[in-house]
Amino acid sequence: MLLKNSQANFKEVIEIAKQKQEKSLFVFDMDSTLFCMKYRTQALIDSCLENTAFCEKFKLYLEKIKEIQVTETDWSIPEIMSRYGFHLEEEIVTAVYKIWRKGFFSNNYLYLDRPYKDCVNFVQYISQLKAQVYYLTARNYNTMYEGTVQSLKQWNFPLKQESCLIMKKDSSRNDADYKTDHLQSFSKKFDTILFFENEPVILNKVAQQLPQIHLFWMNSAHSRQESPPKTALALNMKYSFE
């Protein structure tokens, strides 16, 4: 039976962990679900001002670049820059995007990510109740594994064994298919699965194919391509559960 269609009631969630223990699985996405991305993106935009070639080519725009402040709900570089008056067809937008992309999908800036309110305490508490905790992320294994493990350790997220962290090894694979397939495989081993994710496209795919899974939507940054399914309980960038 699915949880109530309303703001997430963590008392009910904790009861599942207490009753099911090892038979329950909590699956967490990472970017914009456990961790706020604005600090990583802000640092990468700011790094443009330390790039000699960039500064020489776009010297007339540097003061404008300095004004940019990334918010918790920003999804893309074009979105951010358009808010500050840049036109998407301008060459500088592509230049900033390239610098951002190279650093964002690497190990180098992951230490800047910060967990959402109370989420470390929540995940630790669930783990202490003997429920299983997995991290299912579309981060690339080859370029982001070391930084991801370090980030989990830095903030004291439980990671009982390496197999509890699942990362993408084929970046060409569709994220929704990749995550749905893994959740399908988990359903063979666990009585109850709870999935926490920020991207409605992925949640809708899971809801369609695996309706038995409890869905939690982190209302933070996402592509805005779709609305979340009605069965997903909303988290407004916090995991307050006490």
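Student: Leaving out residues up to four places away in sequence, which residues does aspartate 113 touch?
Tutor: Aspartate 113 touches Asp31, Phe35, Cys36, Met37, Arg40, Arg139 and Trp155; contact here means heavy atoms within 4.5 Å. This is a predicted model, where local features need pLDDT of at least 70, side-chain atom pairs count only at pLDDT 80 or more, and totals for chains, interfaces and linings use all residues. Residues are numbered from 1 along each chain as its sequence is written, and side-chain values use heavy atoms, with hydrogens and water left out.

Student: Where does aspartate 113 lie?
Tutor: In the loop between H6 and strand E3 (114-115). Helices (H or I, at least four residues) and strands (E, at least two) are DSSP runs, numbered from the N terminus.

Student: Is aspartate 113 buried or exposed?
Tutor: Aspartate 113 counts as buried because its relative accessibility is 0%. Buried means under 20% relative accessible area, exposed over 50% and partly exposed in between, using a 1.4 Å probe and protein chains only.

Student: And which side chain does the side chain of aspartate 113 make a polar contact with?
Tutor: That of arginine 40, at 2.7 Å. A polar contact is a pair of N or O atoms within 3.5 Å; within protein, one must be able to donate a hydrogen and the other to accept it, and residues adjacent in sequence count only if both atoms are side-chain atoms.

Student: What else is buried in helix H2 (residues 38-47)?
Tutor: Besides Arg40, the buried residues of H2 are Thr41, Gln42, Leu44, Ile45 and Ser47. Their cover includes helix H4 (62-66), helix H5 (77-83), helix H6 (91-104), strand E4 (132-140) and helix H8 (141-154).

Student: How about lysine 38?
Tutor: Lysine 38 is also found in helix H2. Lysine 38 is partly exposed, with a relative accessible area of 23%. Leaving aside neighbours within four places in sequence, lysine 38 is in contact with Val70, Thr71 and Glu72.

Student: New topic! What covers the buried residues of H10?
Tutor: The cover includes H9, strand E6 (192-197) and strand E7 (214-218). Those buried residues are Pro200, Ile202, Leu203, Asn204 and Val206.

Student: Which residues of H9 meet H10?
Tutor: From H9, Asp175, Ala176, Asp177, Lys179, Thr180 and Leu183 meet Val201, Ile202, Lys205, Val206 and Gln209 of H10.

Student: And what happens at the start of H10?
Tutor: There, a side-chain oxygen of glutamate 199 reaches to within 3.1 Å of the backbone nitrogen of valine 201.
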